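Subject: A structure for you to explore

Hello,

Here is the structure I promised to pass on to you. Please open it beside this email and look around before you read further.

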Amino acid sequence: MNGGGPLLAQAAGERHGLAIVLFTVFVTATLAITAWAGRRRSSTVEFFAGGRLFTPLENGFALAGDYMSAASFLGISGLIALFGYDGLLYSVGFLVAWLLVLMLVAELVRNCGRYTFADVLAARMRRRPVRIAAGTASVTVSILYLVAQMVGAGSLVGVLLGGSDSGAARTWTVVGVGALMVFYVSFGGMRATTWIQIVKTVLLIGGTVALTVMVLARFHGDFGRLLNTAAANSGHGQAFLAPGLKYGGSWTNRLDFISLGLALVLGTAGLPHILSRFYTVPTARSARRSVVWAIGLIGAFYLMTIVLGFGAAAVVGTGKVHASNEAGNTAVPLLAEALGGGQGTTGGTVLFAVVGAVAFATILAVVAGITLSSSASVAHDLYATWRRKRAAARDEPPAEEGESERREVRVARLAAVGVGAVAIALSLLAQDQNVAFLVGLAFAVAASANLPALLYSLFWRRFTTRGAVWSIYGGLVPALLLVVFSPVMSGRPDALLPGVDFHVFPLENPGLVSVPLGFLAGWLGTVTSHEPADEATYAETEVRSLTGAGAA
C-alpha cells in the first residue's frame, strides 16, 4: 500500500522530464528563427512591421496565434470545466469580437497608420498629446495581458511538478518566460515574432484537434452523452448545463456577466498587439483577408475548447480539476493525461507532456507579440515624441531619418526589458487567478481606453485632439481604479490581496462602467473644445482610410 507514493513521484518526474525535452525543442527552434531574423537590417519598418512582406495567409496564422493565448487554451477550458455553461460564454465573446474587427477596423487601421494605434490618431490630431495618451494606454493594456500569459505558465509548471511544492519553480518559470520574450523581441523583431506565432498556431491547432477527436471518440461521437456525463461528474447536476452557475443569483453576478461580455466583444478591436498586425501586410485588402483567415482558425479553435472543457469535467471531474488548480488552469493537461491512460501510464505521461509543451509554446509566442507591441509604443510614440520636443526646445536640427530609426529600434529593445520586468513582478502576485479572467480585465481596459478614440477618429468628423486625449484617459483611469477597488484586488480569499478589504466597487470586470465613460469623455472633450474641426485633414484621412492612397 505504501508503494503508491514513489510510483506517483516517478510518473510526475517522467512527465516533467518529457515535457521539458519537448519544450526545449520548441525553444531551440524559435531561437534559431530569432537568430535568422536578427541578421536583417534593423530599420523601423523591419523591426516593427517585418518589412510589410507577409502574405494574408501568413499574417492570418500569426493573428490567430496572437489571439489564441493561454487564456484560450488553459483558462477558457478550465472555466467550462468548473462552471459549465457560464464558462462557455467566454468562447462566444472572444469569437464574436472578430466580426467587429473585420467590419470596422482592419482595413482602415492599415491605411491610416504605420506601426502603432497612435498613428491612426496622429493622422488628424496634434501628435504630441495623442501619442503620449495612446502610448500610455497601449503599454498598460499590454502589461495586463502579459500578466495573464505568465500566470498560465506558472500554473502549468505547478501541475507538472505535482503542485504544492512547486512555488519556486513557478517563480523561475515566470522569470524564464520573461527573459525569453525579451530575447525574441530584442533580437528578432516582428519577423521573428510572426514566424514564432505561425509555428505555435500549427502546434496548437494540431494538439487541440487531436484532443478533441479523442474526447469525442471516448463518447462515440455522442455530444449529448458527453454533456450529461460532464454534468454528473461536476457535482452540480443539470445546473452545470444551465445559465447561472457563475453569473447567476445576485444582481452583481448578472451585471458582471454583462460587463464581461461587453469587454470581450469590444476589447479585441482595441488590443495593441492585434492592431499592430495589420501593418505587417502590404495592403489594406491583405489586412482584411488576414482577418478572414484568422476568423476561420479562431472559430474552429473555440468550438474545440468547448469540447475540451466539458470533456475535462466528464473525464477528469470538476472536483479534481479544482483541487489541482482553484482557477481551473490545469484542466486541459489533466484531461490529456486521463485520455492517455491516466497518471503513471506511458500514454498518459506522453500526452500530458505534449500538451504541456504546446501550452508553453502558446505562452511564449503570445508574450513575444505583446512585448513587441508595447515596446513599439514606448519607442515610436513616447520616446519619439519626447525626442522631438527636446530637439525643438534646444533648437536642434532634426536627426537624419536613418539615425532616427536606429534610435527608435534601440529604445524599443530597451523598452522590452522594462516591460518584461514589470510584467514578471505583477505575474508573481496573480498566480492564483484564472488566466481567462485576467485577460478579461485587459480586454476591458482596451475597450475603455483605445476603442472609443479609435472609432471616433475614424468615423466622427468633428472629433478633436482634446476629445481623443479625454477619451483615452477617461476610459483608462476609471477602468484601472475600478479594478483596484473591486473584489479582484481585496475582500475575498482568492483576491490579489486576500488579507485586506478595501473594495467598494462590486463587479469583477469594470467594462460596464468604464467603456461608456470612455465614449462619454471623448464626446465631452470634443464638444467643449475650442479647437475648430479640421475639415480638410479629416477629408484627407477619410480618403486615405477608405482607398489606401498615401498609406505607408
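Below is what was found in it, starting with the overall picture and then moving to single places.

First, two notes on how to read it. This is a predicted model, in which local features need pLDDT of at least 70 and side-chain atom pairs count only at pLDDT 80 or more, while totals for chains, interfaces and linings use all residues. Residues are numbered from 1 along each chain as its sequence is written, and side-chain values use heavy atoms, with hydrogens and water left out.

The overall picture

The protein has 20 helices and 0 strands; both are DSSP runs numbered from the N terminus, helices being H or I with at least four residues and strands E with at least two. Of its 552 residues, 59% are buried. Buried means under 20% relative accessible area, exposed means over 50%, and partly exposed lies in between, using a 1.4 Å probe and protein chains only. Contact here means heavy atoms within 4.5 Å. Taking contacts between residues at least 6 apart in sequence, 83% join residues at least 24 apart.

The core

A nonpolar core is a set of buried Ala, Val, Leu, Ile, Met, Phe, Trp, Tyr and Cys residues joined through side-chain atoms within 4.5 Å. The largest one has 157 residues, and Tyr67, Trp98 and Phe278 have the most contacts inside it. Helix H15 (residues 346-393) supplies the largest share of this core, with 17 residues. The core lies between domain 1 (4-24 + 44-123 + 150-244 + 266-432) and domain 2 (433-552), because both give residues to it. The domain bounds come from an automatic or database domain assignment.

Which residues does Phe278 touch, leaving aside its neighbours within four places in sequence? Among them are Leu63, Val101, Val105, Ala287 and Val291.

Helix H15 also holds Thr371. With 0% relative accessibility, Thr371 counts as buried. Beyond its neighbours within four places in sequence, Thr371 is in contact with Leu146, Met181, Val185 and Ala416.

Two helix pairs

Axes are lines fitted to C-alpha atoms, for helices over the stretch in contact, and angles run from 0 to 180 degrees between N-to-C directions. Angles under 35 degrees count as roughly parallel, over 145 as roughly antiparallel, 65 to 115 as roughly perpendicular and the rest as oblique.

The axes of H18 (residues 465-484) and H19 (residues 511-527) come within 7 Å and cross at roughly 155°. That makes H18 roughly antiparallel to H19. Residues of H18 that take part include Gly467, Trp470 and Gly474, and those of H19 include Leu517, Gly518 and Ala521.

For H9 (residues 223-234) and H12 (residues 284-315), the axes come within 7 Å and cross at roughly 50°. H9 is therefore oblique to H12. Among the residues making this contact are Phe223 and Leu226 of H9 and Ile306 and Phe310 of H12.

Two loop residues

Most residues other than glycine have a negative phi. Arg52 is not a glycine, yet has a positive phi of about 55°. Arg52 sits in the loop between helix H2 (44-49) and helix H3 (56-67). His220 also has a positive phi of about 55° without being a glycine, and its place is in the loop between helix H8 (167-218) and H9.

Is each of these buried or exposed? Arg52 is buried, with a relative accessible area of 9%, whereas His220 counts as exposed at 66%.

Enjoy exploring!
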